[in-house]
Amino acid sequence: MAANKHLVLDASVILDLWLRPERAMATEALFASAEQGRTSLWVSAASLPTLEFVAVRRCKEQGIDPTVARSLVKRLMLDLLNRVRVLSNRGYEQAELYAKSTDFEDAQLAASARSISAGQVCIVSSDAAFDALGEFSFQRPKQALEWLLQESTSEQETLSFIDLAAQQVALRPQIERNIDIVLHHGQYIMGPEVKALEEKLAEYSGAKHCITVASGTEALLISLMALGVGAGDEVITTPFTFVATAEVIVLLGAKPVFVDIEPDTCNIDASRIEAAITPKTKAIMPVSLYGQPADMDEINAIAAKYKLPVIEDAAQSFGAEYKGRKSCNLSTIGCTSFFPSKPLGCYGDGGAIFTSDDAIALACREIRVHGQSKRYWHTRIGVGGRMDTLQCAVVLAKLERFNEEIEQRLKLGERYQRLLEDVPAVPRLVVRSDRNCVWAQFTIQVPDRDAFLHALTAANIPTAVHYPVPLHRQPAYHESCRVSGSLDCSDLVASRVVSLPMHPYLEQRAQERIIEAVVRAVA
Amino acid sequence: MQVEAIYDHGRLELPANFRLKHAVVNVLVIVPDDEVLADSPSGHDQTAASLARTPDQSPREVSAPGGAIRTAIDEILGPWKQQLHAGAALRDEDFDRLRYQALEEKSLGRQ
């Protein structure tokens, strides 16, 4: 995964590498270190012309034919660009930069390094002085090498609950590229990135259709509308979820019917669903909470018996697998969210609907554009529910690293589980053997939550509660829901759950520090 | 983390029960100054070399650190490597001169 220490190489360091090998041993070691994943190497776009000019000039000075010289340097440059990542320089900041800098070229490099918004950044230069704008440290290659070998994790440092900055650094060139393409073509609504993302997501999930929409909530709303759910209908779901699950049902005039959860997975208890079905039931909406799919086979079987559609609320589980199939492709409809903190998130709101039913897909596509089947011809009641092109472009960039991130989430989740095995006071989520959990949240249960939260806050470890009050206890839902059977498990779990920091860039030492704090807090 | 190790005739021995995940791991070795012979490489070289050494490799077995980048550069330069590095080593002031000359050549179009 991405390194936490970033080195921005000045032109002088690269020129030494090419032209003064006797002075470049430490720089070679920095490249070796990057190959081992211990650091990320960057160069500023502002440095590249200088590199080329000087290297070509030196080759020619040494009697190498100019054509050969340019060819050699071109190959050196291309080799370099395969080994490092390039930082952009932004036009809007040049005037201010020029005014405040003592060395404009240095300052441009330092300004481009601002894009590295996570981890520690060091500029590496062979020069004795460097105008780093007072924002970055700069080191000679040898010192940079020693800096790399130092332990980086501070025990006092506040950890990130979800480290989007580290992800952004890892994906910076792809994200910049995709956003720039949209700014260039200017098709901000329903641009080519929308179709490209839908095709890629459909292929990833295995579903025949993917329809991107404005948010995860919008995905649920449009899905229910496409199924014709309306006033007087009932939709069976779980009370232990984010409010959007039930909110969209009520918005359509229907009634959420709450069925209790399993205490060990926190997903809806499939064995209790059938008892909740009435003639008014129009759909079943399980939630794949925390990133683990619910018992979809059992739920689908009940739904088939009563000819009901199933909508998987997969806002937290995109990327998870259930019996070899992807979440979002486990029932009539799957809905996910691209809220920034989700396993696959954008930089705003976004979501998607998945289905292999052609008629439902068509209905969803029309409903998301005000119910129109062609321009200004409205055959259904719809909403303004499109996901904008820029957000699709961001998700396309993130998709390039998604498999790697999911793999890392699985590893970190397993490691959390293993580290907690010896802490009986902290019940862990059970992951069924026929599926996995992508850990949108890593959530545990503790008996005295207030004291626990206080202890972790004191240890600079952020926490969150997903979710403190089940929906049947929410004031807005007292009159608008129906409760089927006892909801004791939901009530109990809601009083005990705590989510710990979880993201693909969580370092092992940080994870150990979190567990140490958990152990101390429950001792 | 820090562990004590014993340097024994070119080999670095870590504690017997100390196990590492990977066969090749960067380690930083602190050697008492009074143990270093005068003609030994500098600390700079030692730091760099440590990045490519495994616990059970003697110095002779260690490949050059950053070998991949150096090999790639050498392959690109091919027969022109000798010519490029011939003569007196470049000094810092030579780099400044090269830069000015290169920019002048570029700006004035003197190819």
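Strands β7 (residues 234–237) and β8 (residues 255–259) of chain A run parallel and are joined by 4 bridges. The model is a predicted one, and this pair makes a handy way into it. Within the pairing, T237(A) has F258(A) of β8(A) as its bridge partner. Both strands belong to an open sheet of 4 strands, ordered β9-β7-β8-β18 in chain A and paired in parallel. At the edges sit β9 (281–285) and β18 of chain A, each of which pairs on one side only. Ignoring direction, neighbouring strands here are turned by 25° against each other on average. A helix also packs on this sheet: α11 (residues 244–251) of chain A touches β7, β8 and β9 of chain A, and its direction makes about 145° with that of β8(A).

Chain A has another open sheet, this one with 5 strands in the order β3-β2-β1-β4-β5 and again with parallel pairing. Its edge strands, β3 (85–87) and β5 (137–139) of chain A, each pair on one side only. From one strand to the next, the twist averages 35°. Looking at one pairing in detail, β2 (residues 40–44) of chain A meets β3(A) in the parallel sense over 3 bridges, and S44(A) stands opposite L87(A) in β3(A). As for what covers these strands, helix α6 (residues 104–112) of chain A lies across β1 (5–9), β2, β3 and β4 (120–124) of chain A. The helix runs at about 135° to β2(A). In general, the strands of a sheet pair through backbone hydrogen bonds, in either a parallel or an antiparallel way.

Next comes the interface. Chain A puts 45 residues into the contact and chain B puts in 40 residues. Between them, the two chains bury about 4,000 Å², and 61% of that area is on carbon and sulfur atoms. The same interface holds 7 salt bridges. One of the salt bridges links E105(A) to R99(B), with the closest N and O atoms 2.6 Å apart. On the chain A side, several helices each supply at least two of the residues that touch chain B, namely α1 (11–19), α2 (25–35), α3 (48–61), α4 (66–83) and α7 (141–149) of chain A. Sorted by type, the residues on this side of chain A come out as 20 nonpolar, 6 polar and 19 charged.

Over all chains, the structure holds 42 of them. Take R83(A), which forms a salt bridge with D79(A), the closest N and O atoms lying 3.0 Å apart. R83(A) and D79(A) are both in helix α4 of chain A and sit 4 residues apart, about one turn of the helix. Side chains of opposite charge can pair when their charged atoms come close.

The peptide bond leading from H466(A) to Y467(A) is cis, and its omega is near 10°. Y467(A) belongs to the loop between α16 (449–458) and β18 (482–484) of chain A. That strand, β18, is one of the edge strands of the sheet of 4 strands. The other case is K307(A), whose phi is near 55°, a positive value in a residue other than glycine. K307(A) is also placed in a loop, here between α12 (296–305) and β10 (311–313) of chain A.

Methods
Residues are numbered from 1 along each chain as its sequence is written. Chains are lettered from A and ligands numbered from 1 in the order in which they are written. This is a predicted model: local features need pLDDT of at least 70, side-chain atom pairs count only at pLDDT 80 or more; totals for chains, interfaces and linings use all residues. Side-chain values use heavy atoms; hydrogens and water are left out. Contact means heavy atoms within 4.5 Å. Buried area is the accessible area (1.4 Å probe) that two parts lose on being put together, summed over both. A salt bridge is a side-chain nitrogen of Lys or Arg within 4 Å of a carboxyl oxygen of Asp or Glu. Ala, Val, Leu, Ile, Met, Phe, Trp, Tyr, Cys and Pro count as nonpolar, Asp, Glu, Lys and Arg as charged, and the others, Gly among them, as polar. Two strands pair if DSSP finds at least two bridges between them. Axes are lines fitted to C-alpha atoms, for helices over the stretch in contact, and angles run from 0 to 180 degrees between N-to-C directions.
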